[in-house]
Amino acid sequence: MILNLIGGSTITMCTFILPPLMYMRLIDMKRDPSWPERSMPLWERVLLWEIIVTGVVGGIASTTSAVVGLVTDSLGTSCFTNFS
């Protein structure tokens, strides 16, 4: 259950949210003159934001289900009493 909670929050951040954000930030960085001028088409930016929104929704759903699972299992019977 703890792994579900950690995985629901951190894996979502590491795979869906942070890579597109860092990519867009690198593309938009213009303060260093040695950095080459880059641009991103609108369709690509929209696609990256859709990936981020999907990751946020999935992360919230998986984290919520992990918390609900932790709360309901901890209030139920002990796992040690069910040896079948």
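Hi everyone! Of the 84 residues in this chain, 17% are buried, meaning under 20% relative accessible area with a 1.4 Å probe, protein chains only. What you see is a predicted model, where local features need pLDDT of at least 70, side-chain atom pairs count only at pLDDT 80 or more, and totals for chains, interfaces and linings use all residues. Residues are numbered from 1 along each chain as its sequence is written, and side-chain values use heavy atoms, leaving out hydrogens and water.

Let's start with the overall layout. The chain has two helices and zero strands; these are DSSP runs, with at least four residues of H or I for a helix and at least two of E for a strand. UniProt, in an unreviewed entry, places "transmembrane region" at residues 6-26 and 47-71, though such annotations may be inferred rather than shown by experiment. In the model, residues 6-26 are 100% helix, with end C-alpha atoms 28 Å apart. Residues 47-71 are also 100% helix, and there the ends lie 36 Å apart.

Now, what does I52 touch? Its partners are F16, I17, P20, L21 and M24, leaving aside residues up to four places away in sequence; touching here means heavy atoms within 4.5 Å.

E44 is buried yet has no salt bridge, which would need a side-chain nitrogen of Lys or Arg within 4 Å of a carboxyl oxygen of Asp or Glu. The nearest side chain of opposite charge is R45, 8.3 Å away; Lys and Arg count as positive, Asp and Glu as negative, while His and the chain ends are not counted.

Methods. Buried means under 20% relative accessible area, exposed over 50%, partly exposed in between (1.4 Å probe, protein chains only).
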